[in-house]
Amino acid sequence: MDARRVHMAENLQQLQMRFAAHLRDPAQHAAPGHIPDARMQVYRELYFNNIQSLLAANFPVIKRTLGDARWLPRVRAFCRDHRAHTPLFTEIGQEFIHFLDAAPDDAGTPWLLELAHYEWMELALQISDTPLPAHDPHGDVVDGTPLCSPWCRALAYQWPVHRIGPDHQPSQMPPQPTLLLARRMADGSIAFSELSPLLYRLLERLEQEPALSGRQQLQALAAEAGALPDEEFITNGALMLRQLRERGCLLGTTPGP
């Protein structure tokens with residue numbers, strides 16, 4: 001490449017950077033001087049409206065709860081301050097979560113980050129292309145090795161994210177965490193339900209110790225809870241395991257050799 005082409009490439013790159021900086025933050029970065037402002041206004045509106053629409057589709061509850069007066073400045077700050085690590089539209093919601101995690105809360109919304117994660121989880125499970133591992137759907141989930149579905153998540157939040165909305169914006173953190181189960185149904189829809197602390201911990205253990213049998217998991221769960229791993233506890237625990245399989249959270253068991 002000769003010197004003239006190098007110069008042209010550098011100028012083009014500089015122009016692109018100035019153009020992008022202006023779209024992200026028009027108040028601080030001037031537009032390239034040779035482009036009429038009326039045309040730049042079209043680009044500014046297209047850029048911001050597209051980002052705003054994508055985020056609104058990912059976080060409809062947040063948008064309704066904040067209202068335009070608080071929502072639009074958040075989107076503007078996201079455009080201005082955040083540098084995304086992916087060009088994929090399907091991952092913009094996760095980029096917004098990274099932005100909220102790094103940005104201090106200055107709007108009296110201490111639950112915003114958790115609510116964003118809760119809303120994003122629905123899309124994440126819907127578009128997940130993680131294949132189901134080999135499993136025995138009829139295996140004994142008590143004496144066999146239970147196998148969790150990759151399309152199921154046990155979630156723990158400090159705030160009651162499933163109840164937050166325009167008419168409920170708590171200012172005091174509840175004394176107990178909110179434990180939820182998110183799972184993808186056969187039709188592709190996402191269902192959320194509340195979990196008891198014991199069932200949440202069982203799901204955690206199934207993820208953390210995947211080589212243990214269901215009975216071993218229940219015995220360890222009893223020890224953690226300070227309970228006797230007697231027949232009654234194991235019977236009740238076996239019922240929980242079978243209910244998890246009915247809900248699709250357990251695929252069945254790991255197939256034998």
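This chat walks through a helix pair and the nonpolar cores of a predicted model.

Q: What kind of model is this, and how are residues numbered?
A: It is a predicted model: local features need pLDDT of at least 70, side-chain atom pairs count only at pLDDT 80 or more, and totals for chains, interfaces and linings use all residues. Residues are numbered from 1 along each chain as its sequence is written, and side-chain values use heavy atoms, leaving out hydrogens and water.

Q: At what angle do the axes of α6 and α7 cross?
A: Roughly 130°, for α6 (residues 197-208) and α7 (residues 214-225). Their axes come within 10 Å. Axes are lines fitted to C-alpha atoms over the stretch in contact, and angles run from 0 to 180 degrees between N-to-C directions. Helices here are DSSP runs (H or I, at least four residues), and strands are too (E, at least two), numbered from the N terminus.

Q: Which residues of α6 make the contact?
A: Leu198, Arg201, Leu202, Arg205 and Leu206. Contact means heavy atoms within 4.5 Å. On the α7 side, Leu218 and Leu221 are among them.

Q: New topic. Which residues have the most contacts inside the largest nonpolar core?
A: Leu55, Phe59, Ile62, Trp71, Phe96 and Leu115, in a core of 34 residues. Such a core is a set of buried Ala, Val, Leu, Ile, Met, Phe, Trp, Tyr and Cys residues joined through side-chain atoms within 4.5 Å. Buried means under 20% relative accessible area (1.4 Å probe, protein chains only).

Q: Which element gives the most to this core?
A: α3, with eight residues.

Q: What does Leu115 touch, leaving aside neighbours within four places in sequence?
A: Val61, Ile62, Val161 and Ile164.

Q: What lies apart from this core?
A: Another core, of 23 residues, including Val141 and Leu202.

Technical notes
Buried means under 20% relative accessible area, exposed over 50%, partly exposed in between (1.4 Å probe, protein chains only).
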